[in-house]
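Reader: I am new to this structure and would like to learn how to read its features. Could you take me through a few of them?

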Amino acid sequence: MDDLKIVNVVGARPNFMKIAPIFEEMKRTSGFDPYIVHTGQHYDPVMSDLFFNNLGLPEPDHYLGVGSGSHGEQTGKVMIGFDPTVRDLDPDLVLVVGDVNSTIACGLVAVKLGVGLVHVEAGLRSFDRAMPEEVNRVLTDQISDYLFTTERSALDNLVREGIDPGRVHFVGNVMIDSLLHHRAKAAEQTVLADLGLERRGFALAKLHRPANVDDPAVFADLIEVLGEISRRLPVLFPMHPRSRARLAEFGLEPRAAAFPDLRFCEPLGYLDFLQCMDNAALVLTDSGGIQEETTVLGVPCITARDNTERPITTTRGTNVVAGRDPVRLLAEASKILDGAVPAGELPELWDGHAAERIVRVLVEHERRRREPAGGRGTLA
Ligand code: UD1
């Protein structure tokens, strides 16, 4: 059969480490003709280029350069940029990952052009439609031909939404493929030494969600929480541009500066951040991926949200979903710092081989679909 031409989409920071192992596996497998299209949703060197370098990803074949904007504007711009790219490349499949605006925008373009759609990290649900990512997840899953899931609960969510289970494939977690692959290299970085931080001697913060940093009162409370934690051990907070802008806009900088051991820095690259995570005494975050990564590293994680779309990290992992109440957040941090470290267990199939399983499923199904007797039926 002809090579399977696949366009892999990246847009925002959490996409890069998911596409890297998939793209590498496609390159390694005969019969694949993979491309990378970068929408440009994230564009600062520290939010994008650094990740390409750290992960050994080649330059994208196409860069759409959409940049920032309101959700509607950004989603629309990605669609406008991606449509001619897909027409030009004429792929068999478009593969999208995660739940960012680029995910749904490129997914929609693919299906409107009659190109099969692959969604990696399907079926995760926070059941909170106020999160832009939740809407992106639900809609992308509805239009996908192949849905690759990271944990078993995802299948129940998808079936409840009327999706044919024959399209769903439980393969494990490609983000963990990247983590396991790069962990040793991350250990060789010098970021901790450069910052004078010691193994298990500091806490790491990563907060950027609108619900936490766009509300002055909530963000102020979170700064207080981090400040209080910093009385016990240094807290490192690499700041997403959104968080950095809000800190200044809300006049919170003097408050933060009152805590000498609450340290802010620029966003870190993939390897530096992995070294920090692997050595932290605890991580406080509102990110999705970090809940999963800390589970695999066995590092205690406190999630400053009311819900998680990744329940396996709380049932098997090291994650506790603690909401935004400062008293509760501090109580959870104290428990950990007093020695009550959760004993995490590796979730099923988070073993570094998820990308191989994805590629195997695509090969088998696409071969069957292209058999002359079967004609050009539906995918999966
Ligand atoms: C996006 C994703 C979120 C993900 C996060 C990871 C959506 C809906 N949200 O949120 O799920 O957790 O990425 O980082 O897709 N900015 C820069 N430089 C950049 C990128 C952004 O300065 O390279 C600033 C801009 O002011 C921009 C703001 O950050 O307006 C927000 O960026 P945007 O891509 O809209 O959403 P994120 O908050 O990054």
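Predicted model: local features only at pLDDT ≥ 70, side-chain atom pairs only at ≥ 80, totals over all residues.

Reader: How is a pair of aromatic rings described?

Author: Two values are used: the distance of the centres and the angle of the planes. Take Y146 and F148: their rings are 6.2 Å apart, centre to centre, with 5° between the planes. Planes under 30 degrees apart count as stacked, and this pair is stacked.

Reader: Are Y146 and F148 buried or exposed?

Author: Both Y146 and F148 are buried. Elsewhere, F16, F51 and F52 form one aromatic cluster. A ring can also have a charge over it, as with F273: the charged end of K206 sits 4.4 Å from the centre of that ring.

Reader: Let's turn to pockets. How much space lies in the largest pocket, and which residues lie nearest its centre?

Author: The largest pocket holds about 940 Å³ of space. Its lining has 42 residues, with A12, Q41, H42, H208 and H240 nearest the centre. Helices that give two or more residues to this lining include α1 (13–28), α3 (71–89) and α14 (289–297). The largest share, five residues, comes from α1.

Reader: Which domains does the lining of the largest pocket draw on, and how do its residues divide by class?

Author: Domain 1 (4–172 + 350–370) and domain 2 (191–337) each supply at least three residues. By class, the lining has 17 nonpolar, 15 polar and 10 charged residues.

Reader: What lines the second largest pocket?

Author: That pocket holds about 200 Å³ of space and is lined by 13 residues; P21, E24, D177, H181 and G352 lie nearest its centre. At least two lining residues come from each of α1, α7 (174–187) and α17 (354–370). Here the classes are four nonpolar, four polar and five charged residues.

Reader: You mentioned α14 in the lining of the largest pocket. Why is α14 described as largely enclosed by the rest of the structure?

Author: For this we count buried residues, where buried means under 20% relative accessible area. In α14, nine of the nine residues are buried, so the helix is largely enclosed by the rest of the structure. Among them are G289, I290, E292 and L297.

Reader: And what comes just after α14?

Author: There you will find G298, which takes a positive phi of about 75°.

Technical notes
Residues numbered from 1 in each chain as written. Heavy atoms only, no water. 1 Å grid on protein atoms, 1.4 Å probe; cavity = no way out; pocket = protein on both sides within 12 Å on 5 of 7 lines; lining within 4 Å. Points joined across faces, edges and corners; volume = space filled by probe spheres on them. Helix = DSSP H or I, 4+ residues; strand = E, 2+ residues; numbered from the N terminus. Nonpolar A, V, L, I, M, F, W, Y, C, P; charged D, E, K, R; others polar. Domains from an automatic or database assignment. Phe/Tyr/Trp six-rings, centres within 6.5 Å; stacked < 30°, edge-to-face > 60°. Buried < 20%, exposed > 50% of the residue type's maximum accessible area, 1.4 Å probe, protein only. Lys NZ or Arg CZ within 6 Å of the ring centre and 35° of its normal.
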